[in-house]
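Let's walk through this model together, starting with its sheet and ending at its ligand. Keep the viewer open as you read.

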Amino acid sequence: MPTTIRRKNLKKGLHFTLMVVGASGMGKSTFINTLCESSVFPKTDYSDPQKAAMPKTLSLTPLTVEIEEEGQKLALTIVDTPGFGDNINNESGFYDILGYIEQQYDDILAEESRIKRNPKLSDNRIHALLYFITPTGHALREIDIEFMKRLGARVNIIPIVAKSDTLSPKELAEFKQRVMEDIAFYKIPIYNFPIDEEDDDEETVEENNELRSLLPFAVIGSEEEVVINGRRVRCRQYPWGVAEVDNVQHCDFSKLRYMLLSSHLQDLKDITHDILYEQYRTEKLSKEGHDVPHAQDEEEILG
Ligand SMILES: Nc1nc2c(ncn2[C@@H]2O[C@H](COP(=O)(O)OP(=O)(O)OP(=O)(O)O)[C@@H](O)[C@H]2O)c(=O)[nH]1
Ligand SMILES: [Mg+2]
């Protein structure tokens, strides 16, 4: 990369965009608060336990928060989506989500074909979509197969087991295995920690293999903190004990957070631009009857 561009990147800072999708009540909004370590989405009324739960998300809401990861500032944009139900027609919700993802590609596409570029254009393409799988303990549901299959062509899907504290360790292990069997069987395109035989060193290969073996990541979301042995931990409390968010024995939250916001952030961005966007662009231009030229000066607008 030429130094001028690198310098520009540094000045602009890192930017990453994440979307959360899944059935209603699966803890998507809670997860966002847990990830950002703040109440990005505040609960309405703490005094009334009936109202203390997070309100249902009603529209697609992009929100940018600044966080510090490994000593580096990161502007994290998160797009929360309304969860879909079991009985109502879910198609319109699905098209809103797909439409949003494609709109971000269209914005970049339009910019690429302008003669005079807008240096302030923000790139809001979704770099990863966390798909919240309902923890049924059985296998993937029809709707999850359908949605992931269709979205996977446009965005890096990272499948996660929502509310993993509701399954016992044995149930969780078996559920994870069946989900991965379904993903293979239905040929669902997910982000699979690809390895570059030529470029990746041994350590990276090992790390990717380990992360892949954890799929789908089991997560627990909670904003509640309790003191255990003098340590403040984020957890969900039960009469029989606590399920800790940041404890790798309890769930994969911390590994997911690290891969998303640090170790695999650039890879997710690269795949979004080099493969998923490129595919969209080719399809769109050929549908419109254009010859498909090579994208030029992409770095310029990418930043
Ligand atoms: N057991 C358990 N409950 C959770 C977890 N995460 C969230 N919840 C609870 O599940 C309920 C729904 O959480 P939300 O974060 O509002 O779920 P959502 O996916 O945003 O729901 P919609 O906006 O309706 O799609 C709340 O009562 C949360 O406290 C989790 O990891 N485990
Ligand atoms: Mg919500």
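Six strands make up an open sheet with mixed pairing, and their order across it is 2-3-1-4-5-6. Here strands (E, at least two residues) and helices (H or I, at least four residues) are DSSP runs, numbered from the N terminus, and two strands pair if DSSP finds at least two bridges between them. Strand 2 (61-69) and strand 6 (217-218) stand at the edges with a single partner strand each, so one side of each is left without a neighbour in the sheet. In general, the strands of a sheet pair through backbone hydrogen bonds, in either the parallel or the antiparallel sense.

Before going further, a word on conventions: this is a predicted model, in which local features need pLDDT of at least 70 and side-chain atom pairs count only at pLDDT 80 or more, while totals for chains, interfaces and linings use all residues. Residues are numbered from 1 along each chain as its sequence is written, chains are lettered from A and ligands numbered from 1 in the order in which they are written, and side-chain values use heavy atoms, with hydrogens and water left out.

Phe-217 of strand 6 is the bridge partner of Ile-160. The loop between helix 6 (202-214) and strand 6 holds Pro-216, and the peptide bond from Leu-215 to Pro-216 is cis, with omega near -10 degrees. Another backbone feature to look at is Lys-163, in the loop between strand 5 and helix 5 (169-185); its phi is positive, near 45 degrees, in a residue other than glycine. As background, most residues other than glycine have a negative phi, and most peptide bonds are trans.

Now follow the chain to two hairpins. Strand 7 (residues 225-228) pairs with strand 8 in the antiparallel sense over four bridges, with Arg-232 of strand 8 as the bridge partner of Val-227. Two residues lie between these strands in the hairpin, and Asn-229 in the turn has a positive phi of about 50 degrees. Strand 8 also pairs with strand 9 (residues 241-244), antiparallel and over four bridges. Arg-236 stands opposite Ala-243 in strand 9, and this hairpin too has two residues between its strands.

Which residues come nearest to ligand 1? Of the 18 residues around the ligand, they are Lys-28, Thr-30, Thr-57, Asp-165 and Gly-221, where a residue counts as near if one of its heavy atoms lies within 4 Å. The shell divides into four nonpolar, nine polar and five charged residues. Helix 2 gives the largest share of the shell, three residues.

Finally, consider the polar contacts, meaning pairs of N or O atoms within 3.5 Å. A backbone N or O atom of Thr-57 lies 2.8 Å from an oxygen atom of ligand 1, and for Gly-25 the corresponding distance from a backbone N or O atom to a ligand oxygen is 2.9 Å. A polar backbone atom of Gly-83 is also 2.9 Å from an oxygen atom of ligand 1. The elements that give two or more residues to the ligand's shell are helix 2 (28-36) and strand 8 (231-238).

Note on methods. Polar contact = N/O pair within 3.5 Å; in protein donor to acceptor, adjacent residues only side chain to side chain. Nonpolar A, V, L, I, M, F, W, Y, C, P; charged D, E, K, R; others polar.
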